[in-house]
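Biologist: I am new to this structure and would like to learn how to read it. Please take one feature at a time, with the general idea before the case.

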Amino acid sequence: MWRSVAFLMSFAVVLEGMSIVAYLIILSGGKRLRESGWKILSLLIVLSAAVQAASMSIMAYLFDHDSRFFVGWRLAESWTYCVISWCISLLCAAALIVAGRVLPSEGGYELIPDHA
């Protein structure tokens with residue numbers, strides 16, 4: 001189970017890196033890519049948050065049942081940072097989904113009339 005926790009956390013980092021690359025590609029792309037890319041980006045972000053939460057759930061099980069954790073042992077700052085990380089990831093994905101659904105389509109360029 002310890003190897004699973006390590007693998008899942010490493011996989012979450014890879015997914016977050018892929019999210020950053022996807023974000024940069026979407027921003028540098030054209031109108032069509034920006035209008036459809038948010039779906040893939042939000043999926044990557046939600047998937048990375050789910051992997052982090054799964055890893056944390058295994059860690060919580062180990063904390064309660066493994067003999068390595070003795071009475072008085074506590075989970076330190078890394079536990080808190082991980083909780084904050086996947087919560088912020090879920091909030092960002094939710095904001096991205098809401099923005100993709102609610103905001104109007106990006107308009108084209110309008111020519112400025114030349115009165116001269």
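Modeller: Start with exposure, since later steps need it: a residue counts as buried under 20% relative accessible area, as exposed over 50%, and as partly exposed in between. Keep in mind that this is a predicted model.

Biologist: Apply that to Ser105: is Ser105 buried or exposed?

Modeller: Ser105 has a relative accessible area of 52%, so it counts as exposed. Its place is in the segment after H3.

Biologist: Which residues does Ser105 contact, leaving aside its neighbours within four places in sequence?

Modeller: A contact here is a pair of heavy atoms within 4.5 Å. By that test Ser105 is in contact with Lys31 and Glu35. For Arg32 and Ser105 the separation is 10.0 Å, at 73 residues apart along the chain. Arg32 is found in helix H2, and its 73% relative accessibility makes Arg32 exposed.

Biologist: Now the whole chain. How many helices and strands are there?

Modeller: The chain has 3 helices and 0 strands, and along the sequence the pattern reads α-α-α. The radius of gyration is 21 Å, well over the 13 Å that the globule rule gives for 116 residues, so the chain is more spread out than a compact globule. The C-alpha atoms fill a box of roughly 80 × 20 × 20 Å along the principal axes.

Biologist: What share of the residues counts as buried?

Modeller: Of the 116 residues, 24% count as buried. The chain exposes about 8700 Å², and carbon and sulfur atoms supply 69% of that area.

Biologist: How should I check the length of a helix?

Modeller: Compare the expected span with the distance between the end C-alpha atoms. Helix H1, residues 2–28, has 27 residues and should span 39 Å at 1.5 Å a residue; its end C-alpha atoms are 40 Å apart, which agrees. Helix H3, residues 77–102, has 26 residues and reaches 37 Å, close to the 38 Å expected.

Biologist: And how do I read which side of a helix is covered?

Modeller: An α-helix has 3.6 residues a turn, so residues three or four places apart point the same way. In H1 the buried residues are Val5, Leu8, Ala12, Leu15, Ser19, Ala22 and Ile26. What covers them includes helix H2, residues 31–65. In H3 the buried residues are Cys82, Ser89 and Ala93, and their cover includes H1 and H2.

Biologist: Where does Ser48 lie, and what does Ser48 touch?

Modeller: Ser48 lies in helix H2. With a relative accessible area of 2%, Ser48 is buried. Not counting residues up to four places away in sequence, Ser48 touches Ala12, Leu15 and Glu16. Ala12 and Leu15 are among the buried residues of H1.

Biologist: Is Leu43 buried or exposed?

Modeller: Leu43 is also in helix H2, but at 57% relative accessibility Leu43 counts as exposed. From Leu43 to Ala93 the C-alpha distance is 7.8 Å, and the two are 50 residues apart in sequence.

Biologist: One last feature: how do I read contacts over the whole chain?

Modeller: Look at how far apart in sequence the partners are. Among contacts between residues at least 6 apart in sequence, 75% join residues at least 24 apart.

Technical notes: Residues numbered from 1 in each chain as written. Predicted model: local features only at pLDDT ≥ 70, side-chain atom pairs only at ≥ 80, totals over all residues. Heavy atoms only, no water. Helix = DSSP H or I, 4+ residues; strand = E, 2+ residues; numbered from the N terminus. Rg over C-alpha atoms; globule rule 2.2 N^0.38 Å. Buried < 20%, exposed > 50% of the residue type's maximum accessible area, 1.4 Å probe, protein only. Areas by Shrake-Rupley, 256 points an atom, 1.4 Å probe, with all protein chains shown as cover. Expected span 1.5 Å × (residues − 1).
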